[in-house]
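Morning, everyone. Please have a look at the sequence and the structure on the screen.

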Amino acid sequence: MGSFKPLTEFDWLWPKRCDRQGVEELMGLAFLREAANVILIGPNGTGKSTIARNLVYQALRDGHSALFISAGSLLGELAATDSASTLSRRLRHFAAFDLLCIDELGYLSYSNRHADLLFEITNRRYELRSTIITTNRPFAQWHEVFPNAACVVSLVDRLLHKAEVIAIEGESYRLKEAKQRAAERDQRRKGKPKS
């Protein structure tokens, strides 16, 4: 799941656009009671995963079952399943969580089989349980994530039917931190006497 950064430490001033009030309302978890989805869309490093991790954490604290998993791990595990009974069992497993967060959808391209598996999970959860998706791609570009997959329109339709969409705009916070570290390192080096 990676390192956890609470929302109290989130730099709301860094993204050019992020609906802070919308995110704070999501933290009340009303969307879980409605079996609604949450879609966090934005470029790399803008805080999508941080917000998603906080929602999963809040759901766990409130007694819900929840899982945070990368799209690559989820789809890779399902696609590698070698028997129909094992696949059925794993699909039931992922469909059963009150909240399933699929992180980083859109960073890799997937086969039709991967698209079908994601559709199957989404379909099993549809109007029953909530799913969070973090993605760097607008929905109009999902055909590039799942080239030639017939189910993409239906997948997006089910995800968006009852969804809160939070769009985040801005530059990578990780890149900002890397530049700050480099500047601090350069400053320290300039301050050291030459030997």
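Let's start inside. Counting cavities of 30 Å³ or more, we get one. Keep in mind that this is a predicted model. The largest cavity holds about 40 Å³ of space.

Which residues line the largest cavity? Ala35, Ala36 and Asn37 do, along with Tyr126 and Glu127. Arg158 and Lys162 complete the lining. Sort them by class, and you find three nonpolar, one polar and three charged residues.

The lining includes Gly22, Glu25 and Leu26. Ala30 and Phe31 line the pocket too, and so do Glu164, Val165 and Ile166. Asp19 and Glu34 are also on the list. By class, the lining of this pocket has five nonpolar residues, one polar and four charged.

Last topic: two helices. Find α4, residues 71-79, and α5, residues 84-96. Their axes are 10 Å apart, and the helices pack at an angle of about 155°. How do they run relative to each other, roughly parallel or roughly antiparallel? An angle over 145 degrees counts as roughly antiparallel. So α4 and α5 are roughly antiparallel.

Who makes the contact? From α4, it is Leu74, Glu77 and Leu78. From α5, it is Leu87, Arg90, Leu91 and Phe94. Five of these contact residues are nonpolar, two are charged, and none is polar.

Terms used
Residues numbered from 1 in each chain as written. Predicted model: local features only at pLDDT ≥ 70, side-chain atom pairs only at ≥ 80, totals over all residues. Heavy atoms only, no water. 1 Å grid on protein atoms, 1.4 Å probe; cavity = no way out; pocket = protein on both sides within 12 Å on 5 of 7 lines; lining within 4 Å. Nonpolar A, V, L, I, M, F, W, Y, C, P; charged D, E, K, R; others polar. Axes fitted to C-alpha atoms, helices over the stretch in contact; angles between N-to-C directions. Helix = DSSP H or I, 4+ residues; strand = E, 2+ residues; numbered from the N terminus. Parallel < 35°, antiparallel > 145°, perpendicular 65-115°, else oblique. Contact = heavy atoms within 4.5 Å. Points joined across faces, edges and corners; volume = space filled by probe spheres on them.
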